[in-house]
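Subject: Structure for you to look at

Hello,

Here is the structure I said I would pass on. Please open it first; my notes on what was found follow below.

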Amino acid sequence: MNVLMLNGSPHTKGCTYTALSTVAAQLEKHGITSRIIQVGSQAVRGCIACCKCADTGRCVFEDDSVNEAIDLLRQADGLVIGSPVYYAGPNATLCAFMDRLFFMKAAPYAFKPAAAVVSCRRGGASASFDRLNKYFTIARMPVVASQYWNSVHGNTPEEVMQDKEGLQTMRTLGDNMAWLIKCIQAGKAAGIEPPTPEAWEKTNFIR
Ligand SMILES: Cc1cc2nc3c(=O)[nH]c(=O)nc-3n(C[C@H](O)[C@H](O)[C@H](O)COP(=O)(O)O)c2cc1C
C-alpha cells in the first residue's frame, strides 16, 4: 500500500514538507509507504485547455512531473497534497500542477482517499484548504478528515515543530487515512465493488 504526496512549496524541506512528512511517518506506522514529488521547485505551466488529455490520458507537456504523477497516482492507494498559503490561497505552482493532473483524466483516481494539508504563517489556511479539497470532491475521491482543518502554522520548520496541535492534526490524518485505505482494501477482498458511475449528464449550467 502506498500514498502519493505532492509538495507545492518551493522549499524542499520547509513547513509544508514538515506537515507532509508528519503524515507520512504516521502512515508508515500502519505499514503504508509514501513518496513525495517536489512540485514547488519546478517550472509548471498552467493548463492550456487543449483537451488532448481526453484522448491520451496524459498531458501534452513533458517538461515537468505531471505525467509522472499521473502514472504514480493510478498505482497509488491514496493522495496527500501540501501547499504553503500564498495570499490566502494555495500556491500557484501547485494549482497549475493539480489542474493538469486532474483535468479530464481523474476517472482512474476515483475512490482513492485523498487529503490536503496547508502551512501558513498567520492567516488563510482554511480558505486554501477548502480550495484544494475541490479537486477531490469533483473526482469521486473520499476526503479523509482529521481532528481539525488540516493546517500547520509557522514560517520555518522549527516554528511548525512548535505547533503541537497542528502536528497532532497531521498524525490524526495519517491514522485516519491508513484506516480508510485498509477498509477499502478489506471491502474489495469481501467483494464490495465501488459504485458504477452513471453516464454524465453534462450541462453548461442549464442546457
Ligand atoms: C508569496 C507569499 C505569500 C504568502 N501569503 C501568506 C498568507 O496569505 N498568509 C500567511 O499566513 N502566510 C503567507 N505566506 C507565508 C507562508 O505561507 C508560510 O511561511 C508557509 O508556512 C511557508 O511554507 P513552506 O516553508 O513550505 O514554503 C506567504 C509567503 C509567500 C512567499
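A helix axis here is a line fitted to C-alpha atoms over the stretch in contact, and angles run from 0 to 180 degrees between N-to-C directions. Helices (H or I, at least four residues) and strands (E, at least two) are DSSP runs, numbered from the N terminus. This is a predicted model, in which local features need pLDDT of at least 70 and side-chain atom pairs count only at pLDDT 80 or more, while totals for chains, interfaces and linings use all residues. Residues are numbered from 1 along each chain as its sequence is written.

Overall layout

The protein chain has seven helices and six strands, in the order β-α-β-α-α-β-β-α-β-α-β-α-α along the sequence. Its radius of gyration (taken over C-alpha atoms) is 17 Å, close to the 17 Å that the globule rule (2.2 Å times the number of residues to the power 0.38) gives for 207 residues, so the chain is as compact as a globular protein of that length. Along the principal axes, the C-alpha atoms fill a box of roughly 50 × 45 × 35 Å.

Helix pairs

The axes of H1 and helix H7 (residues 164-189) come within 8 Å and cross at roughly 40°. That makes H1 oblique to H7; angles under 35 degrees count as roughly parallel, over 145 as roughly antiparallel, 65 to 115 as roughly perpendicular and the rest as oblique. Residues are in contact if their C-beta atoms, placed from the backbone, lie within 7 Å. On the H1 side, Ala19, Thr22, Val23, Gln26 and Leu27 meet residues of H7 including Leu167, Met170 and Arg171. By class, this contact has eight nonpolar, three polar and two charged residues. Ala, Val, Leu, Ile, Met, Phe, Trp, Tyr, Cys and Pro count as nonpolar, Asp, Glu, Lys and Arg as charged, and the others, Gly among them, as polar.

Helix H3 (residues 66-75) packs against helix H4 (residues 92-102) at an angle of about 55°, with axes 10 Å apart, and the two are therefore oblique to each other. Val66, Ala69 and Ile70 in H3 meet Phe97, Arg100 and Leu101 in H4.

Regards

Technical notes: Two residues are in contact if their C-beta atoms, placed from the backbone, lie within 7 Å.
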